[in-house]
Amino acid sequence: MNTDTLRVKTKKNGHALKSFSFDEIGDDHLFTSLETPMRPDAFKLSDAEKKERIALLFEEIMEVMGLDLTDDSLKGTPKRVAKMYIDEIFSGLNPQNKPKVALFDNKYQYNQMLVEKNISFYSNCEHHFVPIIGKAHVAYISSGKVIGLSKLNRIVQYYAKRPQVQERLTNQIANELKQILDTEDIAIIIDAKHLCVSSRGIKDDTSATVTSYYGGVFNKPEKIAELQNYLNN
Ligand SMILES: [Zn+2]
């Protein structure tokens, strides 16, 4: 996997993390793998079974916190959370939900960069399970095939709907597009706010995190400048 073009100021691999405790890894938003860490038996339970289990477990969390689950307002919450986890905000964990992508021949012979900017997304930090809210900018240069513009958006949404770290999200989108479009010439920039940073912990409301991936010709300073020019207009 091409990690050297992932430009982030974070420890990049498991080895670098050996000297950190699990608490430190989570609190500092370090991460251990560019793949979403999942168990081999992740899909032994059906979605319906998962929702049933999560509802029970979430009910227990609420109970432990002393909430009165006989209250009409709280009664439905465990089931609602379970449904939201599986069908919506973490639906990108299940490869069956990956967007089906049709490619078209590049019949206009458009051979410059295509930029789809300001793709809004909502994700969740895997260390705190609170939202990451941001915008992704995706660019590619066709190697002969083109992709429907809405699919670029859908691929971003699919990977955002997982417990995430921003660096991994950036790379997962890049890798997916590299494979689909059969080119290294992909650029991804993600600019996001982490609610675990703004609403808790250090409580910094103004900072944002920017990550980028520049593959192939996008590694050249003039291409990065051209892309930045599109993004600023
Ligand atoms: Zn967090």
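How far apart do the end C-alpha atoms of residues 58–223 lie, and how much of the span is helix and how much is strand? The end C-alpha atoms of that span are 48 Å apart, and the span is 36% helix and 28% strand. I begin with this stretch because UniProt, in an unreviewed entry, lists residues 58–223 as "domain: GTP cyclohydrolase I", an annotation that may be inferred rather than shown by experiment. Please bear in mind throughout that the model is predicted.

Let me first describe the chain as a whole. Its secondary structure comes to eight helices and eight strands. Taken along the principal axes, the C-alpha atoms fill a box of roughly 65 × 40 × 35 Å. The chain has 233 residues, of which 27% are buried. Of the contacts between residues at least 6 apart in sequence, 68% join residues at least 24 apart.

I turn now to the annotated binding site. The unreviewed UniProt entry lists Cys125, His128 and Cys196 under "binding site". These residues span 72 residues in sequence, yet no two of their C-alpha atoms are more than 7.5 Å apart, so they gather at one spot.

Where does Cys125 lie? Cys125 belongs to strand 3, which covers residues 113–125. Is Cys125 buried or exposed? Cys125 has 20 C-beta neighbours inside 10 Å and therefore counts as buried, since 20 is the number at which a residue is called buried. Setting aside neighbours within four places in sequence, Cys125 is in contact with Val130, Ile132, Gln164, His194 and Cys196.

Cys196, for its part, is in helix 7, residues 195–198. Cys196 counts as buried because 20 C-beta neighbours lie inside 10 Å. With neighbours within four places again left aside, the contacts of Cys196 are Cys125, His127, His128, Val130 and Gly201.

The next topic is helix packing, and I shall take two pairs. Helix 5, residues 149–160, packs against helix 6, residues 166–181, at an angle of about 135°, with the axes 10 Å apart. That angle makes helix 5 oblique to helix 6. The crossing of these two helices is right-handed. Helix 5 contributes Ile155, Val156, Tyr159 and Ala160 to the contact, while helix 6 contributes Leu169, Gln172, Ile173, Glu176 and Leu177. By class, the residues of the contact of helix 5 with helix 6 are seven nonpolar, one polar and one charged.

The second pair is helix 2, residues 47–64, and helix 4, residues 77–89, whose axes come within 8 Å and cross at roughly 135°. Helix 2 and helix 4 are therefore oblique to each other, and helix 2 passes helix 4 in a right-handed crossing. On the helix 2 side, the contact is made by Asp47, Lys50, Lys51, Ile54, Ala55, Phe58, Glu59 and Met62. On the helix 4 side, it is made by Thr77, Pro78, Lys79, Val81, Ala82, Lys83, Tyr85 and Ile86. Which classes make up the contact of helix 2 with helix 4? The contact has nine nonpolar, one polar and six charged residues.

Beyond helix 6, I would draw attention to Asp182 and Ile186. Asp182 is placed in the loop between helix 6 and strand 7. Asp182 is exposed, because 12 other C-beta atoms lie within 10 Å. Ile186 lies in strand 7, residues 186–194, and counts as buried, with 25 C-beta neighbours inside 10 Å. Not counting residues up to four places away in sequence, Ile186 touches Tyr140, Ala174, Leu177, Lys178, Gly215, Gly216 and Phe218. One of these, Leu177, also takes part in the contact of helix 6 with helix 5. The C-alpha atoms of Ile186 and Pro40, which are 146 residues apart along the chain, are separated by 30 Å.

Finally, a remark on the backbone. Most residues other than glycine have a negative phi. Asp182, although not a glycine, has a positive phi of about 55°. Lys203 is not a glycine either, and has a positive phi of about 55°. Lys203 is found in the loop between helix 7 and strand 8, and counts as exposed with 8 C-beta neighbours inside 10 Å.

Technical notes. Residues numbered from 1 in each chain as written. Predicted model: local features only at pLDDT ≥ 70, side-chain atom pairs only at ≥ 80, totals over all residues. Helix = DSSP H or I, 4+ residues; strand = E, 2+ residues; numbered from the N terminus. Contact = placed C-beta atoms within 7 Å. Axes fitted to C-alpha atoms, helices over the stretch in contact; angles between N-to-C directions. Parallel < 35°, antiparallel > 145°, perpendicular 65-115°, else oblique. Left-handed = near helix turned anticlockwise from the far one by under 90°. Nonpolar A, V, L, I, M, F, W, Y, C, P; charged D, E, K, R; others polar.
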